[in-house]
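Trainee: I've got a new model open and I'd like to learn how to read it piece by piece. Could you walk me through it?

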Amino acid sequence: MFSKNSPFLNLGTLYLICSFILRIVLVFHPITQSHFHWYEIIKIVAIGLISDAFVYIVVSVILWLYLVFLSNSKYTKPWGYIIFGLLLSLLTYVYLCNTILNEYGGSLPEIGISFIALKTTLFGLLLFFPRWRKALRLILFSIAVFIFALVIIQNAVSEFFFWNEFGVRYNFIAVDYLVYTNTVIGNIMESYPIIPLFIGVGVVAGIATFLIVKQSLPFLNRLPSFTLKIKSVVIYALLFAFSLYAIPTLARLENSTNVFTNELQANGMYRFYLAFENSELDYDKFYKTIPENEAYSLLRSQFPAIENDSNLQQISNSSPELHKNVVLITIESFSAEFLEEYGNAQHLTPFIDSLATQSLQFSNLYAVGNRTVRGLEAVTLCLPPTAGESVVKRKDNKNKFSTASIFKKRGYQVKFLYGGDAYFDNMSDFFSGNGYDVIDKKSFAPSEISFANIWGVCDEDMAKKAIQVMNQEAKTGKPFFNHWMTVSNHRPFTYPEGKIDIDSHSKSREGGVKYTDYALRQFFAMAQKQSWFNNTVFVIVADHCASSSGKTELPVDKYRIPALIYAPGFVQPANNTTLVSQIDLMPTLFGLLHFKYQSKFFGQDVLQPSYKPRAFVATYQDLGLIKDHVLTIISPVRKVKQFELKLQPVKGLSDDFDIYFDQKPLAKERVDLIDETVAYYQTASRMLKKKKFEK
């Protein structure tokens, strides 16, 4: 089994070659915004290769079992007939009886029956036609090798495209992709030249199969004896056990200050396993903690009115409440760097650029995360991003204290508008469970759809639908709060032809951005003609940036997003340069409307004199706080890092709109900022865990 002709070793060689080539390609990928020292390259290649070898030993267990059970002796009398009889009995049982496969339902019974029937048929052919056995086994062996080779090559290609999208190895997003298979596959089909790609992968897998089968013919013609198999099984079991120890041990060597070095050194399959295991992280288990009374004491420096182990506070206002309509528009993947004010010279957002000059603009606002569900959580719950999955995707995601609950108490009609299928990312479950009526693609009549891709109807169609919905709401005489999430600025970046000066077939990010800007122009052109327009406040903000990769765990330029509050005649145009978090936007709006309410929000009205600037930025496991030009990051297991943020001025650009910082490790630890960071994330996590953030 370990001879030079063994298919186990030959396929292992293919896996290591593919992994090596992938690493080299990723090193030179444009998204890998880093330069590596020679010793980092050696570390990436050497430790990465060793880790790949151990991962292969673990994940190839099915291949090993297949090779172990390749045998001639099982077809001799009487064993061949006994095995064939057992297979026939099993096939009869699963076909006629109610088995565990039927309990799971779906297509599983048919798949199980088909597999057993195929196995029985092939065994029968090998048993009853010994003259064909050698040729038939070669064919079946070649098919098996092709499947394994295809999986190896396809995984390398998939890792490349995942890196192309996110700049990291597989993470919890890849786990999500297994849940939302239809949407993800559709996105891939529309984003990439899938047929040539699959043909290319198939051809390469075919060539690899031919070479491996040719090399493995001596093994196939003279299968190992039973004694040799027993010895090889013992050796493999020992290697398997050692690999289970070695893989996480090597992963702990991913400790460079350069995130790209760690990502390139890592094995994608092991990263996928970790993401699958840790999509939700228990804060107290994985992060630095402080005594609870100390945590809430630190919160009082930001929220003076809170008492005991709660952040409940009374928001007061001496002016009468204004129950204006509110339209919140969260724009998909809309980085600040797309706007002309932030230095973009491509004129991608002419409408939003003009709208910014007519709005209360927050030019120093940061998204809390790098996924849509994080942005939706931020503007709905106004809560720091807790470790693991967003609240949107958790089981316990309903009846929370939310922006909807504030509006509902005032008699508002509350809706979530989304041009795609709100099932995706659990949005429908979250919003409907928190008092929203959901209007999504399923609400459209065929005549209302002029263009759609896998993500949903184009933003123009959703804009028209939104106007219809708001016109109906206005007729009731009740104020409305509508939250519209756009979809067009998302891969595959397809949109109706002839709307903008970028060809829709280019499938470029620039095209997606410019078309979204165009669609918003159409929406506001229609809205200005409606009776409710002058009594409506529009809040426009991105859900997250277009990219989140960088040299550090949390590159702050990848979290800077535009945010506007637009209400002609009500909100005076201005540029607020205060450091602001995405979770502060809606509480600031409530302040402008003079709302008086008891708040559980961690977000605050940034226009109040008591506000102390800070911003939250995070991935699913790295939790950060920006304050006093320092980025503090807490990570598993109880790790803390701090970086000094030194502005990198861009010629001709105002500092208010400069988003780039040099992030250097802090020379002297700021313990006060570490404790404050822990206080925010620890209390937010425990409030959710203890169900203290309910409506």
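Trainee: In which hand does α1 pass α2 in their crossing?

Mentor: Some ground rules before that. This is a predicted model, where local features need pLDDT of at least 70, side-chain atom pairs count only at pLDDT 80 or more, and totals for chains, interfaces and linings use all residues. Residues are numbered from 1 along each chain as its sequence is written, and side-chain values use heavy atoms, with hydrogens and water left out. Helices (H or I, at least four residues) and strands (E, at least two) are DSSP runs, numbered from the N terminus. Now the crossing: it is left-handed if the near helix is turned anticlockwise from the far one by less than a right angle, and right-handed if clockwise. Here α1 passes α2 in a right-handed crossing.

Trainee: What else describes a helix pair like that?

Mentor: Two packed helices are described by the angle between their axes and the distance between the axes. Axes are lines fitted to C-alpha atoms, for helices over the stretch in contact, and angles run from 0 to 180 degrees between N-to-C directions. For α1 (residues 7–27) and α2 (residues 38–59), the axes come within 10 Å and cross at roughly 145°.

Trainee: Which residues of α1 and α2 meet?

Mentor: Contact means heavy atoms within 4.5 Å. On the α1 side, the residues include Phe8, Leu11, Tyr15 and Arg23, and on the α2 side they include Ile44, Leu49, Asp52 and Tyr56. By class, this contact has eleven nonpolar, three polar and two charged residues. For those classes, Ala, Val, Leu, Ile, Met, Phe, Trp, Tyr, Cys and Pro count as nonpolar, Asp, Glu, Lys and Arg as charged, and the others, Gly among them, as polar.

Trainee: On to sheets. In what order do the eight strands of the open sheet run?

Mentor: Two strands pair if DSSP finds at least two bridges between them. The order is β6-β5-β9-β2-β10-β11-β3-β12, with mixed pairing. At the edges you find β6 (437–439) and β12 (574–576), each pairing on one side only. Neighbouring strands are turned by 15° against each other on average, direction ignored.

Trainee: How many bridges join β5 and β9, and in which sense do they pair?

Mentor: Strand β5 (residues 413–418) and strand β9 (residues 480–485) pair in the parallel sense over six bridges. As a landmark, Gln413 stands opposite Phe480 in β9. Helix α17 (residues 372–381) lies across β2, β5, β9 and β10, running at about 165° to β9.

Trainee: And how do the partners of β11 run, parallel or antiparallel?

Mentor: Two bridges join β3 to β11, and these strands run antiparallel. Four bridges join β10 to β11, again antiparallel. Leu360 stands opposite Ile565, while Ile540 stands opposite Leu564. Buried means under 20% relative accessible area, exposed over 50%, partly exposed in between (1.4 Å probe, protein chains only).

Trainee: How many aromatic pairs does the structure hold?

Mentor: Rings of Phe, Tyr and Trp (its six-membered ring) pair if their centres lie within 6.5 Å; planes under 30 degrees apart count as stacked, over 60 as edge-to-face and the rest as tilted. The structure holds 50 such pairs. One of them is Phe303 with Phe602, edge-to-face at 6.2 Å centre to centre and 90° between the planes. Phe303 lies in the loop between α15 and β1 and Phe602 in the loop between β14 and β15, so the pair ties together parts that are 299 residues apart in sequence. Phe303 is buried at 0% relative accessible area, and Phe602 is buried at 0% as well.

Trainee: What is the order of the sheet with five strands?

Mentor: That open sheet runs β15-β16-β17-β18-β19, with antiparallel pairing. Both β15 and β19 (661–665) stand at the edges with a single partner strand each, so one side of each is left without a neighbour in the sheet. The twist averages 25° from one strand to the next. Strand β18 (residues 639–647) joins β19 over five bridges, and Leu645 stands opposite Gln663. Helix α23 (residues 671–689) packs on the sheet, touching β15, β16, β17 and β18, and its direction makes about 125° with that of β16.
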